[in-house]
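Reader: Before I use any of the labels in a description of this kind, I would like to see what each one rests on. Please take them one at a time.

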Amino acid sequence: MSEIKFFTPITVRYGDLDPQGHVNNAKYLTYFEQARVQYLRALGLFTDDQSFMEIGVILADIHITYHAPIHWGTPIKAGVRTARLGNKSLTVAQSVVHGETGEVFASGEVVMVAFDYHKKETISIPDEWRQVIAAYEGLEQ
C-alpha cells in the first residue's frame, strides 16, 4: 500500500472482537469510514463544527479483501487515497495495516458519490474538493 500517503491510527477495542478473538469483519467498515472522515479533515474539506449532513458524499459501493486477522492490542492504522475523481463520484483506495510493520490486514475500494443531503440528490464534486484532492494526490482534474 505504498501509494497511500494518508494514514490515521485506529485503536482496536475489545468490543471490536468476535468470538474467535480477532476483529470482526464488519468493524473494517468502521475503520475505513473513520479514516475517510480524518482524510477529509486533514485536507480541510470537513471541520469539527460541520454536521455530517454537510460532508456532501454518500457511500455507493465498497469492496474489502481480508488478508490477515487483527487481534486485540495490535497497533493498526487505516489509510486512504483518492484514486479517481469522476464528475459526481470519487473512487478511494483504502487499507488497514499494522502500525509498526506495515503488514496489510485488509485492503479495499470505496466509491463515494457527491450528494446534497437536503435536496436528496447527487451533485457534481465541488470545485474546491476537486482542486484540493487532485493537488494532494497528484491527480489530473
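Reader: Which residues does Val-92 touch, leaving out those up to four places away in sequence?

Author: In this predicted model, Val-92 touches Val-80, Arg-81, Thr-82, Ala-83, Gly-108, Glu-109, Val-110 and Met-112, with residues up to four places away not counted. Contact here means heavy atoms within 4.5 Å. Val-92 has its place in strand β4.

Reader: Why is Val-92 called buried?

Author: The cut-off for buried is under 20% relative accessible area. Val-92 has 1%, so Val-92 counts as buried.

Reader: What makes Ala-93 count as buried or exposed?

Author: Ala-93 also lies in strand β4. Its relative accessibility is 16%, which is under 20%, so the label is buried. Leaving aside neighbours within four places in sequence, Ala-93 is in contact with Ile-4, Gly-79, Val-80, Arg-81 and Gly-108.

Reader: How far apart are the C-alpha atoms of Ala-93 and Thr-8?

Author: They are separated by 14 Å, and the two residues are 85 residues apart along the chain. For Val-92 and Leu-40, 52 residues apart along the chain, the C-alpha separation is 12 Å.

Reader: What makes the Glu-3 and Arg-81 pair a salt bridge?

Author: The definition asks for a side-chain nitrogen of Lys or Arg within 4 Å of a carboxyl oxygen of Asp or Glu. The closest N and O atoms of Glu-3 and Arg-81 are 3.3 Å apart, so the pair qualifies. Glu-3 lies in the segment before β1 and Arg-81 in strand β3, so the bridge ties together parts that are 78 residues apart in sequence.

Reader: How many salt bridges does a search of the whole structure find?

Author: The search finds 3. One of them joins the side chains of Asp-16 and Arg-13, at 2.8 Å from N to O. Another joins Asp-48 and Arg-41, at 2.6 Å from N to O. Both distances are within the 4 Å limit, so both pairs meet the definition.

Reader: How do you know which labels the residues of these two pairs get?

Author: Asp-16 has 0% relative accessibility and therefore counts as buried.

Reader: Which residues of β1 are on the covered face and which on the uncovered one?

Author: Phe-6, Thr-8 and Ile-10 make up the covered face, while Phe-7 and Pro-9 are on the uncovered one. In a regular strand the side chains alternate between the two faces of the sheet.

Reader: Which residues of the largest nonpolar core touch the most other members?

Author: The core has 35 residues, and Ile-70, Ile-76, Leu-90, Val-96, Trp-129 and Ile-133 touch the most other members. At least two residues each come from β1, α1, β3, β4, β5 and α2. Helix α1 gives the most, with 7 residues. Leu-90 touches, among others, Val-57, Val-110, Met-112, Ile-125 and Ile-133, with residues up to four places away in sequence not counted.

Reader: How do you know that the radius of gyration agrees with a compact globule?

Author: For 141 residues a compact globule would have a radius of gyration near 14 Å, and the protein has 15 Å, which agrees. The C-alpha atoms fill a box of roughly 45 × 30 × 25 Å along the principal axes. Of the 141 residues, 44% count as buried.

Technical notes: Residues numbered from 1 in each chain as written. Predicted model: local features only at pLDDT ≥ 70, side-chain atom pairs only at ≥ 80, totals over all residues. Heavy atoms only, no water. Core = buried A, V, L, I, M, F, W, Y, C linked by side-chain atoms within 4.5 Å. Buried < 20%, exposed > 50% of the residue type's maximum accessible area, 1.4 Å probe, protein only. Helix = DSSP H or I, 4+ residues; strand = E, 2+ residues; numbered from the N terminus. Rg over C-alpha atoms; globule rule 2.2 N^0.38 Å.
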